[in-house]
Amino acid sequence: MDFLSTLKVLLDGTIVTVELTVTSFIIAFSMAIVVSLAQVYGNTPLKVIATIYERILRSIPLLVVMFILFFGLPSFGIRFDPFTAAILSLGLCSSAYQSQIFRGAILSVPKGQILAAQSIGMNGRQTFFHITLPQALRFAVAPLTNEFTIVLKDTSFAYALGVTELLREGTYIVSTTYEPLLIYLFCAAIYFTVTFSTNTVVKRVEKKFALPGFEFRGERA
Amino acid sequence: MINFINVFVNAFPFLMNGLVFTMELALSSIAIGFVIGIIVGISRSYGKRFSYTLSTIFVEVIRGTPLLVQLFIFYFAFPQIGISLSPITASIISFSINSGAYQAEYIRGAIQSVDTGQMKAALSIGMTKWQAIMRIVMPQALIKVIPSWTNEFVYLIKYTSVAYLVGVPELMAEGEFVASRNFEFMNVFLSVAIIYLAIVMIITWGFSRIEKMVRMPGV
Amino acid sequence: MKVLEIKNLKKRYGEKEIIKGISFEMEKGETVVVIGPSGTGKSTMLMCINRLTEPDAGEIYLNGKQITGSKHPEVFRQKIGMVFQEFNLFNHLTVLNNVMIGPMRVKKFSREKAENVAKENLKRVGLELQMHAYPAQLSGGQKQRVGIARALAMEPDLILFDEPTSALDPELVGEVLEVIKKLAKEGMTMLIVTHEIGFAKDVADRIIFMENGEIIEEGIPSVMLNSPSQERTRQFLAKFMEGR
Ligand SMILES: Nc1ncnc2c1ncn2[C@@H]1O[C@H](COP(=O)(O)OP(=O)(O)OP(=O)(O)O)[C@@H](O)[C@H]1O
Ligand SMILES: [Mg+2]
């Protein structure tokens, strides 16, 4: 296999990896908003359910979730192709982490901000949308970026279901070229490039739109 | 439900065998990772140009690439340069290195959060920089880092499941083994999930006890 | 016309009764200053008035309408401004937007109208030039003046001040007090909790001395500060003068 066709196969894999990442991240993001709102503003039963959901999904390995969805669900007549099963599992697991991020962000909006909003006559909805949410989203940017790179790295688990993402494509090339060191290092380099540039881009954007008092807290959880 | 209980009971001995490997992997990786984390964390915090750069590259590269790829490099690629590792050895090495990079960051964060005043005070009573690090800063930093260890250990237990992909007979692999014989995929993997859940809950609880015990008054 | 009437207000936290039945009234255009030792329940009382804290008993009326018991305290809060010790400016909004957001989102003014209202009130507190700054870029005194402008922009019938200068460096206290004095001259109705006795003497139509959740004594500044009738008031003032 010549260099160019190797490169092409790996790039195809990279595209699948990015597709997996973006789709599952968006799914997780939407679910996480619901879960975190339930945890912060919900009544007791909602809080309990949301907390149990979060706890369970944060305790079970992604690989197990993938196997339950892919190999387990068919016994209930529910069948997913590997790609869909991978996206759903990644989304479920990440939603638990993201809901924790949102909850933290909502709770770290200072109490005084809420009091001030109420003092000028805002109702609960107005306070949430005009004061709490905009500040919470800013607090969430750094940890969410980190979570995005975690999801990106975790897409490699989809290898186990046979999804032709980067690592699977790499392994396929290894099986024909017998050059594991070169190929796997190359895969690692691609992953690194994507995570590193994601971090760099977000930091740039964040810096550009930073408000005084809301500087990027570049920590990675 | 009765079927599930049956499957669970029959799978249980196998899963327990697997759990032993899982814990072995996680425990040795967190311990070796701790040593790596301390060394790298200190050189990230106090290192001169060379050791700082080296440790930074190490942390960034390890944290920027998937654990599974790291494992494949040690297990599938190292034989190419004449180093053949058993599945378990390759797993422990890659998990330790991976965990080391994350622990280094926890430790660095903790070192930074220990008041710089502590360093100044230690130097002012005539300690050397090295003494100040080891006797004043690190003891406080390590206490601060305990909550992160809970997380790190939970992560490790979950992530050791990938060792299944290189043939370590850990919990996940045992589940797969049982399921491929009785075809009870759902029930077996749910059993596996429950065992992970139980272990993680026990560990979280245990660590929170430890945390309470060693908490410094007023910190 | 009474702007504010409070009848037998009570509030407890757990076992501890913090406000033990307070009653007083405020006329339109009156400036009332509340003084008293720390932990006496002054902040709690203010927060009960606009129901940021829910009172346990008693009645509060704004312009004759009962606030207590209303299902929509936010309707009354639009008419009651509050200025906080810790400023509590909206950190993610510019100075202009901090002042605009009330008229625009709560009163549903158009953007232009809200902006005009905001600019007018920023001028009143002398901050029209800092309009586009964010709270993090302001000094404490400037922040508190924005806080006052934010309250003013809602055109309140009453403004509550909770130790508006306590979090300020001494050299910044003056600029905030000047603004409040100006409002008093303009006839704004204000209820002010403060430890600035000198300022109280200048600005107050009436001073209330509170201790342990009760009003001990009230009266005009010259009498209250020079010859209080109650021993406890005398002790507080004596300690206070010493402390300064
Ligand atoms: N949310 C709360 N829960 C329980 N206790 C409270 C709460 N808020 C206030 N308290 C208690 O109520 C008492 C009165 O507090 P408050 O803040 O009203 O006093 P204050 O007169 O404003 O004092 P300061 O001059 O220090 O501001 C204090 O003992 C305080 O500990
Ligand atoms: Mg107070």
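Guide: Keeping in mind that this is a predicted model, the shell around ligand 1 divides by class into 7 polar, 3 charged and 2 nonpolar residues.

Visitor: Which residues are around ligand 1, then?

Guide: They come from chain C: C:Tyr13, C:Lys16, C:Ile18, C:Ser38, C:Gly39, C:Thr40, C:Gly41, C:Lys42, C:Ser43, C:Thr44, C:Glu163 and C:His195.

Visitor: What polar atoms sit by the oxygen atoms of ligand 1 at C:Lys16, and what about the backbone of C:Gly39?

Guide: In the side chain of C:Lys16 there is an N or O atom 3.0 Å from an oxygen atom of ligand 1, while a polar backbone atom of C:Gly39 is 2.8 Å from an oxygen atom of the ligand. With C:Lys42 the contact is again through the backbone, where an N or O atom lies 2.8 Å from an oxygen atom of ligand 1.

Visitor: How much of the ligand does the protein bury?

Guide: The protein buries 60% of the 630 Å² that ligand 1 exposes when taken alone.

Visitor: Switching to aromatics: how many pairs are there over all chains?

Guide: Searching the whole structure gives 27 aromatic pairs. One of them joins A:Tyr184 and B:Phe72 in an edge-to-face arrangement, with 5.5 Å from centre to centre and 65 degrees between the planes.

Visitor: Where do those two residues sit, and are they buried or exposed?

Guide: The pair crosses between chains, since A:Tyr184 belongs to helix H8 (residues 180-208) of chain A and B:Phe72 to helix H3 (residues 67-77) of chain B, and both residues are buried.

Visitor: Why is the pair of B:Phe74 and B:Phe78 called tilted?

Guide: Their ring centres are 4.9 Å apart and their planes meet at 45 degrees, so the pair counts as tilted, that class being the one left between stacked, under 30 degrees, and edge-to-face, over 60. Both B:Phe74 and B:Phe78 are buried.

Visitor: Which residues form an aromatic cluster?

Guide: One cluster is made up of A:Phe67, A:Phe70 and A:Phe71 together with B:Tyr164, B:Phe183, B:Phe185 and B:Phe189.

Visitor: What lies over the faces of A:Tyr159 and C:Phe109?

Guide: Over the face of A:Tyr159 lies A:Arg168, at 4.2 Å from the ring centre, and over the face of C:Phe109 lies C:Lys113, at 4.1 Å from the ring centre.

Visitor: Now the backbone: what is the phi of C:Asn63?

Guide: Phi of C:Asn63 is positive, near 50 degrees, in a residue other than glycine. For context, most residues other than glycine have a negative phi. C:Asn63 lies in the loop between strand S4 (57-62) and strand S5 (65-66) of chain C, and counts as partly exposed because its relative accessibility is 27%.

Visitor: And C:Glu155, what is its phi?

Guide: C:Glu155, also not a glycine, has a positive phi of about 50 degrees, and its place is the loop between helix H5 (140-152) and strand S7 (158-162) of chain C.

Visitor: Last one: why does C:Thr194 count as buried?

Guide: Its relative accessibility is 1%, so C:Thr194 counts as buried. C:Thr194 is in the loop between strand S8 (190-193) and helix H7 (197-203) of chain C, and a polar atom of its side chain lies 3.0 Å from the backbone nitrogen of C:Glu196.

Methods: Residues are numbered from 1 along each chain as its sequence is written. Chains are lettered from A and ligands numbered from 1 in the order in which they are written. This is a predicted model: local features need pLDDT of at least 70, side-chain atom pairs count only at pLDDT 80 or more; totals for chains, interfaces and linings use all residues. Side-chain values use heavy atoms; hydrogens and water are left out. Rings of Phe, Tyr and Trp (its six-membered ring) pair if their centres lie within 6.5 Å; planes under 30 degrees apart count as stacked, over 60 as edge-to-face and the rest as tilted. Helices (H or I, at least four residues) and strands (E, at least two) are DSSP runs, numbered from the N terminus. Buried means under 20% relative accessible area, exposed over 50%, partly exposed in between (1.4 Å probe, protein chains only). A charge sits over a ring if NZ of Lys or CZ of Arg is within 6 Å of the ring centre and within 35 degrees of the ring normal. A residue is near a molecule or strand if one of its heavy atoms lies within 4 Å of it. A polar contact is a pair of N or O atoms within 3.5 Å; within protein, one must be able to donate a hydrogen and the other to accept it, and residues adjacent in sequence count only if both atoms are side-chain atoms. Accessible areas come from the Shrake-Rupley method with a 1.4 Å probe; for residues, only the protein chains shown count as cover. Ala, Val, Leu, Ile, Met, Phe, Trp, Tyr, Cys and Pro count as nonpolar, Asp, Glu, Lys and Arg as charged, and the others, Gly among them, as polar.
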